Amino acid sequence: MFYFEPAGIRIFMRYSQTLIPTVKEIPADAEIVSHQLMIRAGLMRKLASGTYIYLPAGQRMMAKVMNIVRQEMNATGAQEIIMPVVQPMELWQRTGRDIDYGETLGKFIDRHGRGNVLSPTAEEGFTYLAATEINSYKQLPMNLYQINTKYRDEFRPRFGVLRSREFMMKDAYSFHADDASLHKTYMDMYNAYCRVFERCGLEYVIVQAESGEMGGSQSHQFTVPCESGEDVIVYTDDNKLAWNIEKAPVDAPAKQPAVKAGKPELFHTPGAGKIEDVCAFMKVEPAQLIKTLIYKSGDDIILVLLRGDHEANPEKLARLMAGAHTEMADEATIVALTGAAVGFAGPVGLCDKAAKVFVDHSVAAMAVGATGANKTDYHLINVVPGRDFPLEGANVQVVDIRNAVEGDTYEGKKLLFKRGIEVGQVFKLGTKYSAKLGAKFLDAAGKQKECLMGCYGIGINRIIASAIEIGHDENGMILPITIAPWEVIVTPAGMEPEVMAAAEKIYSQLEAEGVETLLDDRDARGGVKFKDADLLGIPVRITVGKKTLAEGNVEFKLRTDKDRTILPLATAAKQAAQTVRDIKAKLNK
RNA sequence: CGGGGAAUAGCUCAGCUUGGCUAGAGCGCCUGGUUUGGGACCAGGAGGCCGCAGGUUCGAAUCCUGUUUCCCCGACCA
């Protein structure tokens with residue numbers, strides 16, 4: 001495959017003149033390994049909660065990841081542009097996202113009283129551009145992207161760079177005349193993303209994701225499995241299918257054998273509005289309770305019935321509601337509807353009052369259960385689904401509306417769970433933005449149509465953090481060579497003139513070979529240099545020592561290996577350069 | 001935004017309960033010396049408005065009130 005030299009990456013660097021402030025102690029506010037190591041290895045420093053200064057080593061890693069992304073995007077024919085980070089509020093009002101995005105949207109008013117948005121993503125800007133510049137089907141398809149700072153005013157930044165307020169994202173937006181074209185670009189992006197993550201040395205899983213957008217959409221998420229990930233991915237035990245937890249479907253459980261149950265009876269549960277409290281009163285398990293969640297969609301009441309041990313899945317609800325906006329009902333609505341305090345709602349006698357009732361199929365499968373009695377401080381026992389409340393009817397549906405849990409199956413296959421870091425996502429957007437911002441074109445028949453759109457994101461900082469999460473040991477980072485800050489570190493162990501001279505020689509030979517090299521020319525003991533080299537995770541180390549040098553040799557060591565090998569001084573640089581190329585070729589193939 | 005915790009040297013933290021010597025340690029930093037292959041040693045040194053603002057007191061890092069910032073759990077979110 002091809003060798004590339006990232007634009008703007010300096011090859012030749014001396015440790016003594018570079019700001020690489022490594023620290024021995026684990027920073028107090030860093031919880032996860034990647035955050036700790038990014039601080040300890042001197043990649044970055046915190047400026048404020050959720051914002052980080054990238055120091056030279058960190059900046060190099062960012063630049064290298066961005067270059068890989070850029071190359072793979074360009075290879076698909078996508079065009080790079082630069083979009084302002086500060087954007088007019090008016091544009092966001094036109095799509096309604098000034099409201100929909102909520103508090104996470106960073107805003108400020110300038111001296112002229114104009115509202116401005118700090119771009120958390122850029123559908124508006126790119127669609128605005130398409131609306132003004134695309135007129136004809138002959139210009140389509142078009143795929144535009146940028147690699148730029150994004151800002152989100154997170155309620156709670158955490159995990160270092162994984163959930164920060166300011167971060168670097170590659171975001172692409174494609175425009176199409178028809179579905180086939182959208183699908184082709186979607187798949188081009190999908191495949192380009194595979195190459196990006198492979199070249200970055202990441203192990204990743206592609207999962208089907210909820211798009212959260214309307215209109216026949218499709219979405220995949222690229223996730224790096226690791227413990228500190230915030231996303232939960234669900235996959236079948238044959239490894240054939242994987243989803244984000246928001247999307248993972250579950251089989252309907254087998255109907256429990258019918259039991260003889262008397263009529264529903266009131267059971268006094270004073271103050272027990274929560275599942276655990278009710279269970280304590282009744283001495284039953286949460287799985288024997290039926291909980292009733294009350295949502296509103298406009299003026300309509302939506303009931304969702306779930307087993308006590310299950311959780312509602314808002315994405316599945318949204319899909320069942322065909323995209324109509326729904327929200328949890330407020331206390332006043334619940335009290336008015338049920339005639340009881342919050343926590344005592346139940347389906348018996350309530351289903352007729354709702355526009356829609358969604359019964360999770362694990363509730364439908366229950367033989368008998370306990371529910372709220374629609375009377376403060378009381379629950380009902382001996383409630384039989386289908387007898388005491390309907391399982392069918394004009395407004396009643398038995399559906400899959402909950403999150404998958406341990407023990408669930410899909411198509412008979414066991415579902416397994418893993419945590420992961422989302423590093424990329426591809427979406428089909430449909431015409432949501434093009435319709436609102438007037439991105440239209442004339443087709444071959446002269447008919448005006450709205451552009452179909454796709455959007456595609458990659459979290460640059462998250463690639464670095466996840467590479468560290470999956471690549472480290474007790475001594476520090478173990479980085480893929482394609483994103484490591486340097487490919488080789490030359491470590492003179494000792495300050496004798498002949499040792500330094502040999503190190504300098506290898507260093508300049510590596511430069512001639514085009515290898516990104518850091519020369520540790522500090523006046524420090526060997527141990528200090530070895531520790532920092534390991535902490536920085538530089539894949540290849542060449543050590544020049546007095547004893548081996550006396551025999552005309554130097555040492556060669558890979559960060560991934562325990563052992564060192566001896567190479568002749570004369571050919572060491574050439575051999576190291578070849579090794580570097582070989583390792584890179586494996587990742588870049 | 002709810003709940004919990006923290007703020008003292010560049011970093012990690014003691015001291016606060018029970019107010020009172022010149023506010024401490026380790027690491028890091030500077031100077032000199034001895035060292036030089038896995039975070040060396042000795043000697044000397046620099047560095048603090050004890051987050052900020054009020055209050056109580058003869059006296060506050062320490063007690064009280066307010067405020068800001070940071071961290072954790074939850075909710076929310078890519």
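Which helix is largely enclosed by the rest of the structure? Hi everyone, let's start there. The answer is helix 1, residues 33–40. Please keep in mind throughout that this is a predicted model.

Seven of the eight residues of helix 1 are buried, so the rest of the structure largely encloses this helix. If you want to find them in the viewer, the buried ones are Ser34, His35, Gln36, Leu37, Met38, Ile39 and Arg40. And what covers them? The cover includes strand 2 and strand 3, together with helix 12 (460–470), strand 27 (472–473), strand 28 (476–477) and helix 14 (526–536). Just after helix 1 you reach glycine 42, which takes a positive phi of about 75°.

Let's follow the chain into two of those covering strands. Strand 2 (residues 44–48) and strand 3 (residues 51–54) run antiparallel and are joined by four bridges. To see the pairing, look at methionine 44, which stands opposite tyrosine 54 in strand 3. The two strands form a hairpin with two residues between them. In that turn sits glycine 50, with a positive phi of about 80°.

While we're on backbone angles, here is some background. Most residues other than glycine have a negative phi, and most peptide bonds are trans. Now for some exceptions. The peptide bond from leucine 140 to proline 141 is cis, with omega near -5°. You'll find proline 141 in the loop between helix 5 (123–133) and strand 8 (142–151).

Phenylalanine 159 is not a glycine, yet it has a positive phi of about 60°. This phenylalanine 159 lies in the loop between strand 8 and strand 9 (166–176). Its relative accessible area is 23%, so phenylalanine 159 counts as partly exposed. Asparagine 374 is not a glycine either, and it has a positive phi of about 55°. But asparagine 374 is found in a strand, namely strand 19 (residues 369–375). With 15% relative accessibility, asparagine 374 counts as buried.

Valine 304 stands opposite phenylalanine 358 in strand 18.

Let me zoom in on one residue of strand 16: leucine 306. Is leucine 306 buried or exposed? It is buried, with a relative accessible area of 0%. Leaving aside residues up to four places away in sequence, leucine 306 touches Leu289, Ile290, Lys291, Leu293, Glu311, Ala312, Asp360, Val363, Ile401 and Arg402.

Now, the nonpolar cores. The largest has 63 residues, and Leu43, Phe197, Phe222, Ile460 and Ile463 touch the most other members. Take isoleucine 463 as an example. Not counting residues up to four places away in sequence, isoleucine 463 touches Val65, Val196, Phe197, Cys200, Leu202, Val423 and Ile458. There is also a second, separate core of 25 residues, which includes Ile481, Val499, Leu519 and Val554.

Let's look at a pair of helices too. Helix 13 (residues 497–512) packs against helix 16 (residues 569–588) at an angle of about 35°, and their axes are 9 Å apart. Their crossing is right-handed. Helix 13 makes the contact with Ala502, Ile506, Gln509 and Leu510. From helix 16 come Leu569, Ala570, Ala572, Ala573, Ala576 and Ala577.

Last topic: cysteines. A disulfide is a covalent bond between the sulfur atoms of two cysteines. Cysteine 455 is buried, with a relative accessible area of 6%. Cysteine 279 is buried as well, at 8%.

Methods. Residues are numbered from 1 along each chain as its sequence is written. Chains are lettered from A and ligands numbered from 1 in the order in which they are written. This is a predicted model: local features need pLDDT of at least 70, side-chain atom pairs count only at pLDDT 80 or more; totals for chains, interfaces and linings use all residues. Side-chain values use heavy atoms; hydrogens and water are left out. Two strands pair if DSSP finds at least two bridges between them. Buried means under 20% relative accessible area, exposed over 50%, partly exposed in between (1.4 Å probe, protein chains only). A nonpolar core is a set of buried Ala, Val, Leu, Ile, Met, Phe, Trp, Tyr and Cys residues joined through side-chain atoms within 4.5 Å. Contact means heavy atoms within 4.5 Å. Axes are lines fitted to C-alpha atoms, for helices over the stretch in contact, and angles run from 0 to 180 degrees between N-to-C directions. A crossing is left-handed if the near helix is turned anticlockwise from the far one by less than a right angle, and right-handed if clockwise.
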